[in-house]
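Have the structure open as you read.

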Amino acid sequence: MTTTPTDRQDTLAKLKKHLATTSDLEQIGALLNWDQNTYMPAGAATARGQQMATLGRLVHERRLEPSLTDYLDELDARSFDEDSDDAALLRVTRRDVAMARKIPSDFLEEFTRLQSEGQHVWAKARADADFSQFAPTLKKLVDYARRQADYLGYDDHPYDALHDLYERGSSVAKLRPMFARLREVSVPLVRDIVEKGRDIDVAPVQQSFDESKQEQFGVEAVSAFGYDFTRGRIDRTVHPFATDISQYDVRITTRYQPNFLNPALFGTMHEAGHAMYEQGSPDRFYRTPLAGGVSLGIHESQSRLWENLVGRSRAYWQHAYPRLQEVFPQLEATSLDDFYAAINKVEPSFIRVEADEITYNLHVMVRFELELAMLEGSLDVDDLPDAWNAKYEEYLGVTPPDDAIGCLQDIHWSFGALGYFPTYTLGNVISVQLFDAAKAAHPSLEDDIAAGNFTPLFTWLRENVHQHGKKYDPDVLLKKATGRDLDPQPYLDYLDRKFRSLYGI
Ligand code: ZN
């Protein structure tokens with residue numbers, strides 16, 4: 001069949017209309033999910049689960065609709081400029097449809113059921129600090145993850161199929177050398193700090209901090225970064241997150257601790273980093289699958305960049321510390337240097353989400369190695385707690401006293417999400433590559449930050465990362481923005497520089 005340019009425009013318009021409705025349904029689902037995690041009364045849980053399952057099914061069915069396949073068949077990608085939005089739209093849509101076709105509906109339904117059962121069983125096992133309660137369900141989840149990988153297909157390793165869902169183009173073959181390099185440098189660096197570094201006092205950040213003032217300072221901080229409150233809001237939750245209901249409504253949540261400044265302060269900066277990425281999609285991507293962040297790794301690079309490279313930098317506090325002291329007069333006796341040290345203390349610990357910048361990746365590496373072994377079958381699920389504790393001893397020099405703060409601490413495996421954890425470390429690595437590229441473009445970047453001017457950094461990120469949405473794959477985006485492929489070296493240099501100087505070693 002030959003198509004004229006008019007036919008082509010006509011089909012493209014129909015395709016976009018179809019995708020716009022799907023996008024609306026997904027965003028309605030995001031609003032339901034936000035509500036579930038913030039204000040929904042507990043009694044609504046079952047009904048809300050049903051509503052979200054219905055929406056999920058509608059979205060899945062729309063991807064399998066014959067009319068959608070017809071549009072895609074009629075549109076030849078080769079007749080579009082390869083770098084155009086329309087070509088990207090076709091690529092992303094074809095991939096979504098292919099993915100929806102690969103997973104049989106009955107498997108998807110069983111897996112979804114098992115995932116919600118998994119979270120329930122895990123929560124109880126964690127509360128009781130008893131892995132044996134969760135083991136039988138985790139075995140099933142690992143088995144389902146393996147079957148999911150088989151349905152999706154892979155060349156080298158089943159892990160690649162799962163990891164690709166979160167980070168397209170990444171693989172075990174790329175992750176292994178990255179983690180090996182991180183381990184080579186981080187393990188001795190942590191040991192040096194513990195053995196030879198000076199003592200750092202965290203008392204300044206562990207006093208009583210009024211919650212409404214914490215919120216006030218957090219809102220001021222992220223507004224200054226560039227988070228747009230006319231298209232966002234901040235609420236309280238148990239597990240902080242950012243969610244996009246559309247690029248015009250990207251919300252963040254935070255949790256306040258009355259006696260510890262760090263969690264809400266850096267958590268708010270972190271989630272705002274995610275949110276600014278989503279807010280930065282251009283208007284022309286609205287209601288298309290090109291809107292939003294392209295991968296979890298790139299997403300995490302945005303959150304970690306604002307949280308760590310800005311929020312935990314001395315330059316930032318040069319500007320912000322006097323204001324923080326004004327909000328919290330109890331900090332008047334603490335010098336800028338002592339405060340900067342207190343927010344950057346390195347300490348091997350049990351809990352990933354509370355870890356400092358260096359040990360954080362070691363926590364991720366433990367999980368990467370263990371989930372790989374479970375998927376391969378070289379680690380029996382029953383032996384997970386022992387294997388977990390052995391790796392914590394080896395990499396961090398600590399042994400968790402029980403499973404609750406050991407292998408049961410994270411939620412991810414309870415819904416069968418294997419292949420997710422490495423995206424946290426990818427985010428750390430990429431954050432420094434992007435920050436260095438921004439600095440190369442604006443040599444005065446750190447002075448600007450020290451003067452409270454975040455516009456050069458924000459604008460650079462918007463131009464080089466945010467405005468592309470999902471148009472380019474993560475590796476292509478990174479190359480376009482930095483001129484480089486993924487490389488852990490700049491990140492390792494950054495850690496080495498920052499922490500050797502902080503600890504005087
Ligand atoms: Zn994050």
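A residue counts as buried when its relative accessible area is under 20%, and as exposed when that area is over 50%. Keep in mind that this is a predicted model.

With that cut-off in hand, look at Glu357: its relative accessibility is 6%, so Glu357 is buried. Its salt-bridge partner is Lys498, with 2.7 Å between N and O. Glu357 sits in the loop between helices H13 and H14 while Lys498 belongs to helix H20, so the pair ties together parts that are 141 residues apart in sequence. Lys498 is buried as well, at 10% relative accessibility.

Other pairs stay within one helix. In helix H1, Asp10 and Lys14 are four residues apart, about one helical turn, and they form a salt bridge with their closest N and O atoms 3.8 Å apart. Asp10 is partly exposed at 44%, and so is Lys14 at 42%. Helix H16 holds Lys439 and Asp436, three residues apart, and their salt bridge spans 3.9 Å.

The model's count comes to 35 salt bridges.

Asp7, Asp70, Asp73 and Glu74 make a negative patch on the surface, and helix H3 supplies its largest share, three residues. Glu74, in helix H3, is partly exposed at 33%.

Definitions and conventions:
Residues are numbered from 1 along each chain as its sequence is written. This is a predicted model: local features need pLDDT of at least 70, side-chain atom pairs count only at pLDDT 80 or more; totals for chains, interfaces and linings use all residues. Side-chain values use heavy atoms; hydrogens and water are left out. Patches are made of residues with over 30% relative accessible area and no salt bridge: like charges are joined within 9 Å, nonpolar side chains (Val, Leu, Ile, Met, Phe, Trp, Tyr) within 5 Å. Accessible areas come from the Shrake-Rupley method with a 1.4 Å probe; for residues, only the protein chains shown count as cover. A salt bridge is a side-chain nitrogen of Lys or Arg within 4 Å of a carboxyl oxygen of Asp or Glu. Lys and Arg count as positive and Asp and Glu as negative; His and the chain ends are not counted. The place of a charge is taken as NZ of Lys, CZ of Arg, CG of Asp or CD of Glu. Helices (H or I, at least four residues) and strands (E, at least two) are DSSP runs, numbered from the N terminus. Buried means under 20% relative accessible area, exposed over 50%, partly exposed in between (1.4 Å probe, protein chains only).
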